[in-house]
Amino acid sequence: MQRVRLNLIVVLVFFSSLLASIVMAETTGDATVSSEAKVHIVYTEKPTDEEPKTYHLRTVSSALGSEEAANDALIYSYREAASGFSAKLTPEQVAEISKQPGVIQVVPSQTYQLHKPVGGASMLS
């Protein structure tokens, strides 16, 4: 069981690192840093003694300072394929949450569009 868990963590970290590399390669190098809250995916160890959402709220609360702020920031708790959550966080909050026990990695959420219509027209018409 521990070997499966370790393999899952290794795969999760590998894909997260790959995603982070892609995101970094696509950034424009803009030197301005925004303090605006943006959605991040926070990968955590799988909780063993409590429900995932409770664990995720506790982790966010520790970083943000209150349960109310955590409830406002938390968007979704992942439980099946990965353990973690998405939350709207400022750069300062990302730095703080990265220090929390059980947090493996924090990456910005990205939306990728596989195909874009050429010239705004549908390819099927």
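These notes go from the whole chain to single residues.

**Ground rules.** I am working with a predicted model, where local features need pLDDT of at least 70, side-chain atom pairs count only at pLDDT 80 or more, and totals for chains, interfaces and linings use all residues. Residues are numbered from 1 along each chain as its sequence is written, and side-chain values use heavy atoms, with hydrogens and water left out.

**Whole chain.** I found four helices and four strands. Both are DSSP runs numbered from the N terminus: helices are H or I with at least four residues, strands are E with at least two. Along the sequence I read the order α-β-α-α-β-β-α-β. The chain has 125 residues, and 30% of them count as buried (under 20% relative accessible area, with exposed over 50% and partly exposed in between; 1.4 Å probe, protein chains only). Then I looked at contacts, meaning heavy atoms within 4.5 Å. Among those with a separation of 6 or more, 71% join residues 24 or more positions apart.

**Helix 2 against helix 4.** I took helix 2 (residues 52-64) and helix 4 (residues 91-98) next. Their packing angle is about 120 degrees, and their axes lie 9 Å apart. Axes are lines fitted to C-alpha atoms, for helices over the stretch in contact, and angles run from 0 to 180 degrees between N-to-C directions. Helix 2 and helix 4 are therefore oblique to each other (under 35 degrees is roughly parallel, over 145 roughly antiparallel, 65 to 115 roughly perpendicular, the rest oblique). On the helix 2 side I noted Thr59, Val60, Ala63 and Leu64; they meet Gln93, Glu96 and Ile97 of helix 4.

**Core.** Which residues touch the most other members of the largest nonpolar core? I listed Val42, Val60, Phe85, Leu89, Ile97 and Val106, out of 15 residues. Such a core is a set of buried Ala, Val, Leu, Ile, Met, Phe, Trp, Tyr and Cys residues joined through side-chain atoms within 4.5 Å. At least two residues each come from helix 2, helix 3 (67-73), strand 3 (84-89), helix 4 and strand 4 (103-108). Helix 2 gives the most, with four residues.

**Phe85 and Thr44.** Leaving out residues up to four places away in sequence, I see Phe85 touching residues including Val42, Thr44, His56, Val60, Tyr76 and Ile97. Thr44 sits in strand 1 (residues 38-44). Is Thr44 buried or exposed? Thr44 counts as buried, because its relative accessibility is 2%.
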